[in-house]
Amino acid sequence: MNHPQEATEFLKDAANAKWHDDTLWFVRDKRDKVSKSVPEWEKLRNLASDIKDNVLANLETYLVEFEKNAKANNIHVHWAKDAAEHNQIVLGILNEHRCKAIVKSKSILTEECHLNPFLEKNGVEVVDTDLGERIVQFLNQPPSHIVLPAIHLKKMAISDIFHEKLQTEKGNDDPYYLTQAARKHLREKFLAAKVAITGVNFGVAETGEFVVCTNEGNADMGVHLADVHIACMGIEKIIPKREHLGVFLRLLARSATGQSITNYNSHFRSPSPGKEIHIVLVDNGRTEQLAREKFRNSLKCIRCGACMNTCPIYRRSGGFSYGSTVPGPIGSILSPGIDLQKHSSLPFASTLCGSCSDVCPVKINIHEQLYEWRQEITKAQGTNAKSISMSIANGIFAVPFAYKLSASMMRGALKILPESITYSGLNTWGKQRDLPELPKETFKDWYKKNRK
Amino acid sequence: MNSREHILSKIKAIPRDEKPLPKIPDFSFEGDLAEKFTQSIQFNKGEIVGAGDLAGIIAQNKFKKILSLVSSFEALANTELPADSHQLKDLDLAIIEGQFGVAENAAIWLTDENMGLRALPFITEHLVIVLKKNSLVTNMHEAYKKISLAHSGFGLFIAGPSKTADIEQSLVIGAHGAKSLRVVLM
Ligand code: SF4
């Protein structure tokens with residue numbers, strides 16, 4: 001996977017790239033407005049960050065407490081060390097219930113585990129029920145954003161695929177009309193499903209309950225009509241106490257979409273009479289990330305997507321250019337931990353402007369970790385001149401090349417870099433912008449001269 | 001070693017510093033909570049209506065199948081809670097009672113007793129929640145204080161009608177759940 005090359009593809013359609021950029025900025029702007037209406041916003045971010053620090057310091061204790069309380073509430077608890085085991089557990093439950101068709105609400109974890117293709121291979125029909133996810137599923141695409149899965153698509157593209165799959169009127173791209181068509185289609189699926197799968201936003205150790213947040217109500221439509229609810233949860237999603245939900249629910253939707261809260265915030269504590277709830281606790285690389293001290297607090301992420309909406313690179317390169325389940329700034333610090341080779345270009349897909357860290361509701365130092373990953377990758381690849389130039393030739397070290405040179409060298413370099421480098425895949429996301437006018441002297445030089 | 005032991009022992013082996021759990025300060029505020037709640041629910045595309053308006057709303061929208069779990073509104077209802085949720089699929093309107101509301105975001109707390117069947121507030125085409133004015137709290141911290149550790153198999157903070165913006169960020173009300181939320185503040 002190579003971010004610069006993928007970004008080139010995305011930027012070929014300049015009008016679309018501009019639209020994508022503007023659309024995400026609109027979401028970022030809503031987040032700014034609503035967060036400013038909460039006087040204690042910064043205090044809430046500190047609290048959320050501190051709570052998550054405490055979670056990571058005591059993760060094993062909270063997991064055991066969560067398991068104990070969930071079991072006492074008649075919830076079945078399963079543990080999966082990796083994606084393969086997670087998928088097997090889910091399939092096992094489906095087989096036990098002779099279930100061949102399921103409905104699933106948004107779960108980034110199941111994307112990460114590639115659950116859909118696994119189940120389909122085993123003869124299970126999987127219907128994603130979040131509208132955006134259903135759209136990309138029809139198109140055989142992964143989500144391009146963790147909160148807004150179809151944000152890369154224009155409504156006419158959605159109209160076309162709905163015409164093909166749901167027999168809507170050709171050319172009718174009215175969002176209300178299309179949404180109602182999906183509502184009708186998915187109602188049938190909800191009413192027919194025996195098993196429903198959801199993700200988990202928060203698992204509460206103190207009570208053994210877990211919380212799922214949606215705006216569409218699709219998670220609840222699925223689970224309350226089905227006999228069996230399977231909830232897939234990364235082990236880092238645990239929080240100690242119920243009262244901590246107050247902090248996180250105040251931050252999550254405001255950061256994600258600029259709403260004061262998601263419309264449905266469902267607390268599952270025990271199954272309805274005659275029904276079953278299963279929870280699958282999944283590691284899949286999280287314990288390795290926990291062991292990397294510098295990258296540990298990337299596990300605080302509550303998947304709000306704010307860092308994506310604000311990122312100048314994400315907005316101008318699209319979710320698919322990252323080639324990882326979680327794209328954007330947070331994806332660029334999580335993915336190298338899973339496969340360094342495959343994702344080595346991601347920590348360089350950043351200007352290090354720090355806007356991601358500024359908006360993050362749990363105060364992850366995202367841009368600093370991006371910088372740390374660059375160090376790790378550079379170390380792993382060798383730092384002698386020859387390997388750098390080879391890396392450049394291979395298109396791996398697009399931006400780091402710039403960062404590795406001292407400021408004054410870079411000033412020279414920017415001037416003399418031939419078009420073939422500045423406008424090659426090496427610096428793709430910079431393509432849409434002119435090279436900055438270079439100051440004649442650096443600030444340091446200026447300061448020295450003018451100090452007196 | 002099974003996966004549970006494997007994961008737990010891997011975590012235990014990682015040296016970490018102790019990090020204390022913070023105390024949540026009091027963020028409650030002074031002011032007219034009903035007014036704040038009203039603003040919040042409008043922001044979420046919900047609506048406040050008077051108790052006396054319901055009959056008119058039902059007639060105007062030609063709601064046919066109506067269920068009420070609130071005794072004072074039973075006169076408006078014409079169907080009972082079925083045994084199986086699937087039988088709710090053609091329900092036009094459900095009238096239920098909320099336990100309390102949160103002024104900062106119009107979230108209303110419901111548990112199993114308020115819903116009868118967990119699918120009810122989602123599967124109904126339209127939803128009315130009856131709420132006591134004096135039940136309002138300022139923010140989510142107060143809300144969780146009020147719930148405390150009370151046990152409910154299923155609890156829900158509902159704050160508006162079902163909605164989506166998945167098609168080009170255009171807001172559409174009525175995705176999979178109820179197409180409207182009207183709140184009667186008593
Ligand atoms: S890293 Fe922070 S801003 Fe980005 S998705 Fe996670 S919580 Fe949200």
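The ligand sits in the largest cavity. A cavity is a set of points, on a 1 Å grid over the protein atoms alone, where a 1.4 Å probe fits but cannot get out. Sitting there requires more than half of the ligand atoms to lie within 2 Å of its grid points. The model is predicted, with pLDDT of at least 70 needed for local features and 80 or more for side-chain atom pairs, while totals for chains, interfaces and linings use all residues; side-chain values use heavy atoms, without hydrogens and water. Residues are numbered from 1 along each chain as its sequence is written, and chains are lettered from A and ligands numbered from 1 in the order written.

The residues around the ligand (a heavy atom within 4 Å) include A:Cys301, A:Cys304, A:Cys307 and A:Cys360. A:Ile330, A:Val362 and A:Arg303 are also among them. The shell divides into 10 nonpolar residues, 1 polar and 1 charged. Cys and Pro count here as nonpolar, Gly as polar and Arg as charged.

In chain B, 5 strands form an open sheet with parallel pairing, in the order β1-β10-β6-β3-β2. Strands are DSSP runs of E with at least two residues, and helices are runs of H or I with at least four. Pairing requires at least two DSSP bridges. The edges are β1 (47-49) and β2 (66-68) of chain B. Neighbouring strands are turned by 25 degrees on average, direction ignored. Angles run from 0 to 180 degrees between N-to-C directions of axes fitted to C-alpha atoms, for helices over the stretch in contact (heavy atoms within 4.5 Å). Helix α2 (residues 33-43) of chain B packs on this sheet, at about 170 degrees to β10(B). Strands β1(B) and β10(B) are joined by 3 bridges. B:Ile48 stands opposite B:Val183.

β5 (108-111) and β7 (154-158) of chain B pair antiparallel over 4 bridges. B:Trp109 stands opposite B:Phe157.

How values were computed
On a 1 Å grid over the protein atoms alone, a cavity is a set of points where a 1.4 Å probe fits but cannot get out, and a pocket is an open set with protein on both sides within 12 Å along at least five of seven lines; lining residues have an atom within 4 Å of a point.
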